[in-house]
Amino acid sequence: MASESANGGKAVVTRFAPSPTGFLHIGGARTALFNWLYARHHGGQALLRIEDTDKERSTQEAIDAILDGLSWLGLDYDEEPTFQSARADRHAEVAHKLLDAGHAYKCFATREELEEMRAEQRVNKQPMRYDGRWRDRSASEAPDGASYTVRLKTPQDGEATIQDEVQGSVSVKNDEIDDYIILRADGTPTYMLAAVVDDHDMGVTHVIRGDDHLNNAFRQLPIYHAMDGIEGDWAEPVYAHIPLIHGSDGAKLSKRHGALGVDAYRDEMGILPEALFNYLLRLGWGHGDREEITRDEAIELFGLGGVGKSPSRFDMKKLENLNGHYIREADDRMLANLAAKGMDGDVDIDLLAKAMPVLKTRARSVHELAEGAQFLFAQRPLAMTEKAAKLLDENGRARLGKISSALAAENDWTIEALEATTKSLAEELELGLGKLAQPMRAALTGTTTSPGIFDVLVLLGREEALARLNAHAA
């Protein structure tokens, strides 16, 4: 697909920029997905930036979890990840260029002075923002050797407008944006500066992120505008601020709604990557009434015009149902290998794969597959659920004796032959088929739920099936 031009002929470049202070949150995964799809749709580049400037909270474990989660979802990137912490010198260089050009200034206000300023604003019920006390003062007024921060000199008059690809036209009065710090007293850059410099240097044309960052866009624009006159072309990117994900009750998504890391959906909930990819795609974006959309179709169809303006609601049941669809479509051996990881004891992968066509018809998670297959590898005597044990009363055991004798005489151990033999016995005993199938299921699996009883007989094989029946037959 040809690369679509944007921002004065530039090819589309998107970025996902997580902070490695924890797992890859489900909301972050959707942001990553939308960025990746937009770049792939336009034949552009999808880039990854790890915003690890918070050294106290950033961990290698979190970085690994983010990279692992993105890889599991199938989101690949066109360059090696950029680590923001490695670019501090470049960020400081830009800060000093802004300072030299008069677009920033040194602020010598002490911590105590700033606390006093905020306390006064609270008392007067004023907005909490820096009052510009060093904006027009000379650094010569400060005591010798006093420490200082560098603040951006933001516009004070008029308003700024963003033509957001999702939110539409959004305007903010410039006097609502204070002169914020771009370089701390220790010389390290703040996030607001670092993000803009990195986006520019990485050639990012489209910033697609959660709408909780919309205010940040208005704070970042003055850096673009100032640097555009200092250092070549600093055209602002196209913005697309996506509404956040809410829980099924409409409240902000939290752990009680299932707001976990992507790894938890894989490891603890048994969700397939195809299912989560599809679900996140449809969580706030739509294309007609389509529900199941393949990766290739998603790349072909995705556009920011399909992103809704209202928060989307996370529905675990919908995800589980979608997961069931992808389980039914999945390769049996692949599912067997996944299910085996959650099973106890030695597992025969060949037998497990052979059982998948009947195990996956109702399963909505890999864990349900594993649970449903456990009977295949259980050792005699089988552990019994309470309901299963009740089926093996005196009548149940007597019927098992007749069933076992009838099946032992059957030379053709196939579903069709075993079903015919069992139905014939039921007619002879003047019983419904269920009256025989129920104690059979209890004796064969130790539970009251399983795949079709004749599938169970075939999967267990003649010798093991008869041994389990005889263990409870009267």
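The following points describe selected features of a predicted model.

1. Strand 11, which spans residues 206–210, is mostly covered, with five of its five residues buried. Its partner is strand 12 (residues 238–242), and the two pair in the parallel sense over five bridges. Within this pairing, His-206 stands opposite Val-238 of strand 12. To pass from strand 11 to strand 12, the chain runs through helix 6 (residues 214–228), and this β-α-β crossover is right-handed.

2. In soluble globular proteins, nonpolar side chains tend to be buried together. The largest nonpolar core in this model has 95 residues, and Leu-276 and Leu-352 have the most contacts inside it. Helix 1 (residues 26–41) supplies the largest share of this core, namely nine residues. Another core, of 35 residues, lies apart from it; among its members are Ile-162, Val-172, Val-204 and Tyr-239.

3. Which residues does Leu-352 touch, not counting residues up to four places away in sequence? They are Ala-336, Ala-339, Ala-340, Met-343, Val-347, Leu-359, Ala-373 and Phe-377.

4. Two packed helices are described by the angle between their axes and the distance between the axes. For helix 17 (residues 433–445) and helix 18 (residues 453–460), the angle is about 35 degrees and the axes are 10 Å apart. The crossing of helix 17 past helix 18 is left-handed. On the side of helix 17, the residues that meet helix 18 are Ala-437, Met-440, Arg-441, Leu-444 and Thr-445. Their counterparts in helix 18 are Ile-453, Val-456, Leu-457 and Leu-460.

Terms used: Residues are numbered from 1 along each chain as its sequence is written. This is a predicted model: local features need pLDDT of at least 70, side-chain atom pairs count only at pLDDT 80 or more; totals for chains, interfaces and linings use all residues. Side-chain values use heavy atoms; hydrogens and water are left out. Buried means under 20% relative accessible area, exposed over 50%, partly exposed in between (1.4 Å probe, protein chains only). Helices (H or I, at least four residues) and strands (E, at least two) are DSSP runs, numbered from the N terminus. Two strands pair if DSSP finds at least two bridges between them. A crossover is right-handed if, with the strands pointing away from the viewer, the path from the first strand over the helix to the second runs clockwise. A nonpolar core is a set of buried Ala, Val, Leu, Ile, Met, Phe, Trp, Tyr and Cys residues joined through side-chain atoms within 4.5 Å. Contact means heavy atoms within 4.5 Å. Axes are lines fitted to C-alpha atoms, for helices over the stretch in contact, and angles run from 0 to 180 degrees between N-to-C directions. A crossing is left-handed if the near helix is turned anticlockwise from the far one by less than a right angle, and right-handed if clockwise.
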